[in-house]
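Colleague: I'd like to learn how to read a model like this one, feature by feature. Could you walk me through it?

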Amino acid sequence: MKERQGRRYQRPLNSFDPPLPHERTSLAWERTGLATIIAGGLLARTAAANAHYLLGVFGVLWVAVGGVVIFWAEFRYDALHGPLRAGENPVHPTMVRFVGVATLSFIGFALALIVYLLVIDAPL
C-alpha cells in the first residue's frame, strides 16, 4: 500500500518504526554531505592561497559532491517511507557501490595529495 503524492511518498503523521533508523541514517548522510562541503571548501581555500589551482578545482568538486549527497539524503528519506510501510527491504545496492567507490577514490586522492605536498612540493 503505497501512498504517493506527486513523485514523493507522503510522510507519516506518526512513527511507524519506533527506533527510527531511517531518520538516523538520513541525518548521518546529511552530516556526511556537510563535512564533505566543509572539507572541499577548506581544500579550495588553501589551494587558492598557495597557488595550487588544480587542487582548488578538486576542492570545488568536493563541495559539489557534498551538495549532491545532501540532496540525495533528502530524496532518499522521502522514498523510504513507502517500502518501510510495506515491509520491503529499503537497501539501494547501486548507492552502496557508489559510496564504496567514492570513499576509496577520496582516500586515494587524499594519499596522493599528502605525497605531493610532503615530497614533491616540499620547500628545500
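Modeller: Let's start with pockets: a pocket is an open set of grid points with protein on both sides within 12 Å along at least five of seven lines, and its lining residues have an atom within 4 Å of a point. Keep in mind throughout that this is a predicted model. Here the largest pocket has a volume of about 390 Å³. Its lining consists of 18 residues, and those nearest the centre are Thr36, Trp62, Val65, Val69 and Ala102.

Colleague: Let me step back to the whole chain. In what order do the elements run from the N terminus?

Modeller: They run β-β-α-α-α, giving three helices and two strands in the protein.

Colleague: How should I read the confidence along the chain?

Modeller: pLDDT is the predictor's confidence in each residue, from 0 to 100. The protein averages 78, and 81% of the residues score at least 70. Confidence is lowest in strand 1 (residues 4–5), with a mean of 52, and highest in helix 1 (residues 21–49), where the mean is 86.

Colleague: What about contacts: what share of those with a separation of 6 or more is between residues 24 or more positions apart?

Modeller: Contact means heavy atoms within 4.5 Å. In this protein, 71% of the contacts with a separation of 6 or more join residues 24 or more positions apart.

Colleague: Now aromatic pairs. How many does a search of the whole structure find?

Modeller: The search finds three aromatic pairs. To name their geometry, look at the angle between the planes: under 30 degrees counts as stacked, over 60 as edge-to-face and the rest as tilted. Phe58 and Phe109 form a tilted pair, at 4.7 Å centre to centre with 50° between the planes. Phe58 sits in helix 2 and Phe109 in helix 3, 51 residues apart, so this pair links distant parts of the chain.

Colleague: Why is the pair of Trp62 and Phe106 edge-to-face?

Modeller: Because the planes of the Trp62 and Phe106 rings lie at 85°, with the ring centres 4.7 Å apart. Trp62 lies in helix 2 and Phe106 in helix 3, so this pair ties together parts that are 44 residues apart in sequence.

Colleague: Are the residues in these pairs buried or exposed?

Modeller: Buried means under 20% relative accessible area, exposed over 50%, and partly exposed in between. Trp62 is buried because its relative accessible area is 17%. Phe58 counts as partly exposed at 31%, and Phe106 is partly exposed at 35%.

Colleague: What percentage of the protein's residues is buried?

Modeller: Of the 124 residues, 23% are buried. One of the buried residues is Ser26, at 8% relative accessibility. Ser26 has its place in helix 1 and touches Ala73 and Tyr77, leaving aside residues up to four places away in sequence.

Colleague: Where is Asp121, and which residues does Asp121 touch?

Modeller: Asp121 is in the segment after helix 3. Not counting residues up to four places away in sequence, Asp121 touches His52 and Tyr116. At 34% relative accessibility, Asp121 counts as partly exposed.

Terms used: Residues numbered from 1 in each chain as written. Predicted model: local features only at pLDDT ≥ 70, side-chain atom pairs only at ≥ 80, totals over all residues. Heavy atoms only, no water. Helix = DSSP H or I, 4+ residues; strand = E, 2+ residues; numbered from the N terminus. 1 Å grid on protein atoms, 1.4 Å probe; cavity = no way out; pocket = protein on both sides within 12 Å on 5 of 7 lines; lining within 4 Å. Points joined across faces, edges and corners; volume = space filled by probe spheres on them. Buried < 20%, exposed > 50% of the residue type's maximum accessible area, 1.4 Å probe, protein only. Phe/Tyr/Trp six-rings, centres within 6.5 Å; stacked < 30°, edge-to-face > 60°.
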